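Subject: Structure for you to look at

Hi,

Here is the structure I promised to pass on. Please open it alongside this note, and my findings follow below.

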Amino acid sequence: MKLITVVCEAYAREPVLDLLRSAGARGWTLFGVEGEGARGGRTADIPEFSNIQVEVVVRPEVAAVLLERLERELFPRYGMIAFVSDVQVLRAGKF
Amino acid sequence: MTLLEAVQANLLSPAVLFFALGVFAALVKSDLRFPEPLYLGLTIYLLVAIGIKGGVAISSAGLATLWLPGLAAMFLGALIPFWTFPVLRWTGGLPAADAAAIAAHYGSVSAVTFIAATNYLLSVGLPFENYATAFLAIMEAPAILIGIVLCKLATRQPGEAVFPAVKSAAHEALLGRSVLLLVGSLLIGFVTGSAGMEKVAPFFVTPFQGVLALFLLEMGIVAGRRLGDLRKVGPFLIGFGILVPLVNGALGVAVGHATGLSVGGATLLGVLAASASYIAAPAAIRVAIPEANPTLYLTASLAITFPFNLTLGIPYCLAVARWFYS
């Protein structure tokens with residue numbers, strides 16, 4: 001199983017979640033985060049100016065589609081990074 | 001009252017002093033910061049409080065007195081991008097996307113600036129039309145949509161449709177939390193009238209000044225953190241951020257005068273025209289014009305125009321209004 005982590009600006013929330021659903025992810029976890037990157041510091045006190053982190057566990061074939069679509073559809077539009085890790089999961093049927 | 005006294009009365013109000021404290025806290029990198037839920041809570045409180053008050057005022061003034069200045073306010077907001085866009089594009093040499101994005105921000109309005117202006121009028125003892133809150137509600141969205149259309153027309157590839165981008169932004173601009181809360185509480189205030197107001201006054205009226213002071217402390221921190229970005233935006237945008245409120249402020253006052261508002265009401269319409277949005281507009285623009293650089297429009301509206309209006313722009317609009325009516 002693959003864990004995909006997306007860290008992006010809060011404005012990208014709906015587009016990212018729509019993409020996850022349509023690419024075949026069956027659930028997701030989201031939290032507000034702060035940090036610093038190519039676009040300077042992103043503090044978390046005003047929700048619109050902050051970053052969010054979305055985590056989703058998917059099957060490898062879904063992961064490939066998801067990453068390809070993220071790169072093509074959303075990277076040009078929003079401040080965003082994404083990375084993939086191999087994970088072991090319990091209750092694999094949920095994914 | 002001279003202009004100097006008018007400015008002094010504004011600068012020494014608790015709200016503006018707390019704003020200055022916030023800027024100072026950000027500049028010295030103090031660990032002072034508001035948690036996100038508190039920020040959200042304070043904005044909701046302020047919008048609902050002025051919404052209800054405005055709605056009650058509409059119910060006692062009657063819709064008949066409202067429609068002309070209201071319609072004029074809406075057109076004023078929608079027309080501002082038509083002159084700011086060419087200035088940004090050709091005098092400032094900005095790309096079409098950035099010029100349209102900034103023009104949209106300046107046509108739209110800042111609720112906090114408006115609230116600070118009503119506060120200021122109360123402190124100098126000048127009466128104003130409480131239903132002016134309705135102007136705040138109707139001036140927020142039109143300019144954002146106009147800005148997006150301007151951008152799409154300027155950057156359009158042959159055969160590309162303008163409509164989808166406007167549609168996605170319209171949802172942000174018309175149903176975002178600030179417009180939704182404002183319009184909703186205006187309606188509730190209108191329906192319940194002064195009898196309803198009595199019930200909520202201990203919560204929404206008495207503590208209002210204190211909440212505003214607290215909120216401006218946070219806005220000072222937010223604006224202060226962005227001051228470093230002034231170096232990135234260059235002298236043109238800094239000049240733009242100060243001159244545009246002066247021109248739009250005078251335009252707003254003139255429209256208020258022409259449509260029969262009082263000195264206080266015309267001042268408020270001037271402040272609305274002078275102000276630039278920094279919550280509703282960025283949210284809609286980010287979705288509809290992703291190629292525009294957020295540093296430019298956020299720094300201009302939040303780090304230049306907002307502090308300028310809060311300190312000098314509000315007494316300036318009052319001075320222009322007094323001159324118009326004398």
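Let me start with chain A, where strands S2 (residues 29-33) and S5 (residues 51-58) pair in the antiparallel sense over five bridges. Strands here are DSSP runs of E with at least two residues, helices are runs of H or I with at least four, and both are numbered from the N terminus; two strands pair if DSSP finds at least two bridges between them. Within this pairing, Thr29(A) stands opposite Glu55(A) of S5(A). A residue is buried if 20 or more other C-beta atoms (placed from the backbone) lie within 10 Å of its own, exposed if 12 or fewer, and partly exposed in between.

A word on conventions: this is a predicted model, in which local features need pLDDT of at least 70 and side-chain atom pairs count only at pLDDT 80 or more, while totals for chains, interfaces and linings use all residues. Residues are numbered from 1 along each chain as its sequence is written, and chains are lettered from A and ligands numbered from 1 in the order in which they are written.

Where the chains meet, nine residues of chain A are in contact with 13 residues of chain B, contact being C-beta atoms, placed from the backbone, within 7 Å. The chain A side of this meeting divides into five nonpolar, one polar and three charged residues. Nonpolar covers Ala, Val, Leu, Ile, Met, Phe, Trp, Tyr, Cys and Pro; charged covers Asp, Glu, Lys and Arg; the others, Gly among them, are polar.

Chain B has 15 helices and zero strands. Of its 326 residues, 54% count as buried, and its C-alpha trace spans about 55 × 50 × 45 Å along the principal axes. Helix H11(B) (residues 208-226) is mostly covered, with 14 of its 19 residues buried.

The largest nonpolar core has 139 residues, and Leu269(B) is among those with the most contacts inside it. Such a core is a set of buried Ala, Val, Leu, Ile, Met, Phe, Trp, Tyr and Cys residues joined through C-beta atoms within 7 Å. Beyond its neighbours within four places in sequence, Leu269(B) is in contact with residues including Ala73(B), Phe135(B) and Val253(B).

Finally, have a look at Trp67(B) in helix H4 (residues 63-91) of chain B. Trp67(B) is exposed, because 11 other C-beta atoms lie within 10 Å.

Best wishes

Terms used: Contact = placed C-beta atoms within 7 Å.
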